[in-house]
Amino acid sequence: MRLLDIPLAYSIRNLWVRRMTTILTAMGMALVVYVFAAVLMLDAGLRNTLVSTGEPDNMVVTRQGSVTEVQSSIDRGQASIVSQFPEVASFIEPLASRETVVLINLKKRDTGKASNVVVRGLDETGRGMRRQVKVVEGRACRPGSEEIMVGVASSRQFQGLGLGESVRFGGRDWRVVGLFDGGRSGFDSEIWADGEVLRQSFRRTTYSSLVVRLMDPSQAESFRNRVTSDPRLPLSAKSERQYYEDQSESLSRFIKILGLTLTVIFSIGAIIGATITMQSAVATRVAEIGTLRALGFQRSAILLAFLAESVALSLVGGVIGLSLASLMQSFEFSTTNFQSFSELSFGFLLTPSIVIQSLVFSVAMGVAGGMLPAIRASRIAIVEALRAA
Amino acid sequence: MLILRLLFLNIWRNKGRSVLTFLGLVIAVLAFGLLSTVVQAWYSGAESASQARLITRSSISLIFPLPLSHGERIRQVDGVESMTVSRWFGGVYKDTRNFFPQFAVDPPSYFEIYPEYMLSDEVRNKFYRDRRSAVVGRRLAQQYGFAPGDIITLKGQIFPGNWEFLIAGIYEGKEEQTDTGKMYFHWAYLNEEVKRRKISRDADSVGVFITSIADPGRAAEVSMAIDELFSNSAKETLTETEQAFQLGFVAMTEAIVVAIRAVSYVVILIIMAVMANTMAMTARERTSEYATLKALGFSPKFVAGLVAGESMLMALLGGVVGVALTYPVAAAFHEATGTLFRSFFVSFDTSIMQLLAALATGVVAAIFPMIKVYRIRIVEGLRAI
């Protein structure tokens, strides 16, 4: 028995003969694959955004128990102890950024509805520690001034955050003097101000977090242990990357669970569609199948031919669905991240593994939908089939 | 009657295909209904929120507390009936995954303003007297197995350290939609501990002031009067109705709601494609039959009507069963998600929308086959066996 006795062209041409039905069925599958891929792309986009926010040799120090910088507070004494630790790199001064992070309520440009935006107060050292952040328009804010620089995503989305505009919070008017691009990271959704001025305007005496640059990323573990084991410090340290990844956890889980549950339900519909189509393909070709059998083709060959037809059908759907989904890459998705309670923009990201997963998924739908009809086709008895003609 | 019987028999002629199409329809209608219910549940907090209650928070954002001393001045504002306070605690139970909302409140005034949270007299006495006690909602108690008399420890995310609470009792919702997934404890206890433990969080401060107003029609006026009191101070306020406040939360996650909505229409498109395919195949197979009917003198309209009738009957059957199944499935879904949704109800509107979607599917599926059989010439039709 040779595997593909019946040429593949036979299966594909049959699909072409019944174009209308093929297109309808493939469209149903395409929509399912589209939703499947879009969900995975959104999740990949979210992860990519938050992971790329962190740098491997930066550590974020926050108070024990707090999950976000907004919840955390570190006093001056604690901050200077940590910045003197031997693992911390220094360039004249230790590379440690004392940061203040608050949320402010701003209105969105398109809907006029309010959402929370992160305002990060930091100095030049802190800005320099974020290598991926580049000023794209205007300039950086001057120390000691009521100037802010705004991430490109925030600037697009919120009222008053365009270059040259100003916003009022903490009893002051802040002028936007620059826009920065964080390279599709979470910083794109933030506002940066001078740390000292921000603390004064909110009458804060403590910091929210301390970000330090390690001399070598391999010292992360020893730095973390030093922070946790020091009895003077009620603090904990995480690598910046881990910190932002943890922030994405619940949103990512939500997107995945919701999206994949939907896909499973939809795929049942699409599989049913494929079964109906293949069922009728078999029913209308009983005589033809009988002839093939009479010519000497094995049952298994018939089975494979019909299965191939179904898989080809689903692949057409898969490719259409994927192409639709890939168009989503130019869209930006923006929502409040549950964990940090602040607005976060991220995109749809198509990765090679999503392409493979989507195609495998569509093939699986094709096999599931085509199996029963294919088995039925292979069981047709020659004599009866020929009589039916 | 005879026609209806003919339609039924026609559907039953290809059992396998009909059963599959029917199943597909049921699943699509069910999914559509569930998704609409999810979207509605998202807004449920805002829907059950009152217009006669105002929420006053910091104008900068919700994370900034307001001094308790604001409260006395708010109470004096014309139109304000009563006032209470609430502060978000943000603790986790054992593990960060076990998160549920906890609020530090002033119990007597809080439960007076919120009569929808019902405490029995016994629980009320116990809770009001013991400053370290707390009450939990029915759903919350069910999810974590909290029982009166239990001592639970929460790990504070905003207020560091471990916090122990004695469960004084369980509160019930007045209506089924009332959210019973929250925990309430004494603000005075929190404030005392903040001072005692020297936590660097503002002491003598609250998250929001909640006021009930006599006349909901004056909500805007009273809100402005409250905000006016503190304008140009270091702690400016922003007052809005409870409904607007809740809608503000929904708006933050609007992108997700929009996505779910879009997806719920996609599912209808999918099933339209499947069903249109079925009808197209059916009509093609019966071409000669329809031609025969025409030859016997039935009008083209009647023949096209047969196709439409079959499609609509199928859609209706699938729709009705789908709608009926939505109720038990939604109930199971609500069970499975615990306290994620404060209320999860299939509304009457949703059922109507489901039926309409099913019927629309029937119409769309029938259009092309109808045109085809309407136009078919008898001779051609009879030839195409």
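# Helices, domains and chains

Colleague: At what angle do α2(A) and helix α10 (residues 299–327) of chain A pack?

Modeller: Their axes are 6 Å apart. Axes are lines fitted to C-alpha atoms, for helices over the stretch in contact, and angles run from 0 to 180 degrees between N-to-C directions. Helices (H or I, at least four residues) and strands (E, at least two) are DSSP runs, numbered from the N terminus. For this pair, the angle is about 45°.

Colleague: What pLDDT do side-chain atom pairs need to count here?

Modeller: Residues are numbered from 1 along each chain as its sequence is written, while chains are lettered from A and ligands numbered from 1 in the order in which they are written. This is a predicted model, in which totals for chains, interfaces and linings use all residues, local features need pLDDT of at least 70, and side-chain atom pairs count only at pLDDT 80 or more.

Colleague: Back to that helix pair: what word describes how α2(A) lies to α10(A)?

Modeller: Angles under 35 degrees count as roughly parallel, over 145 as roughly antiparallel, 65 to 115 as roughly perpendicular and the rest as oblique. The angle between α2(A) and α10(A) is about 45°. That makes the pair oblique.

Colleague: Is the crossing of α2(A) and α10(A) left-handed or right-handed?

Modeller: A crossing is left-handed if the near helix is turned anticlockwise from the far one by less than a right angle, and right-handed if clockwise. For α2(A) and α10(A), it is right-handed.

Colleague: How many charged residues does the contact of α2(A) with α10(B) have?

Modeller: This crossing is left-handed. Among the residues that make the contact are L24(A), G28(A) and V35(A) of α2(A), with V266(B), A273(B) and N277(B) of α10(B). By class, there are 15 nonpolar and 4 polar residues, and the number of charged ones is none: no charged residues.

Colleague: Which element gives the largest share of the side of chain A that touches chain B?

Modeller: In total, 49 residues of chain A are in contact with 39 residues of chain B. Elements of chain A that each supply at least two residues include α2, β4 (96–107), β5 (114–122) and α8 (240–284). With 13 residues, the largest share comes from α8(A).

Colleague: How far apart are the centres of the two domains of chain A?

Modeller: Domain bounds come from an automatic or database domain assignment. Chain A is divided into domain 1 (8–51 + 247–388) and domain 2 (58–215). Taken over C-alpha atoms, their centres are separated by 46 Å.

Colleague: Which element supplies the largest share of the side of domain 1 of chain A that touches domain 2 of chain A?

Modeller: The contact takes 13 residues from domain 1 and 15 residues from domain 2. On the domain 1 side, α2, β13 (332–337) and β14 (342–347) give two or more residues. The largest share, 5 residues, comes from β14(A).

Colleague: In chain B, how far apart do the C-alpha centres of domain 1 and domain 2 lie?

Modeller: The domain assignment gives domain 1 (2–45 + 254–383) and domain 2 (60–235). In chain B, 7 residues of domain 1 are in contact with 7 residues of domain 2. The C-alpha centres lie apart by 49 Å.

Colleague: What is the radius of gyration of chain B?

Modeller: Chain B comes to 14 helices and 13 strands. The radius is taken over C-alpha atoms, and the globule rule is 2.2 Å times the number of residues to the power 0.38. That rule gives 21 Å for 385 residues, and chain B is well over it, so the chain is more spread out than a compact globule, with a radius of gyration of 30 Å.

Technical notes
Two residues are in contact if their C-beta atoms, placed from the backbone, lie within 7 Å. Ala, Val, Leu, Ile, Met, Phe, Trp, Tyr, Cys and Pro count as nonpolar, Asp, Glu, Lys and Arg as charged, and the others, Gly among them, as polar.
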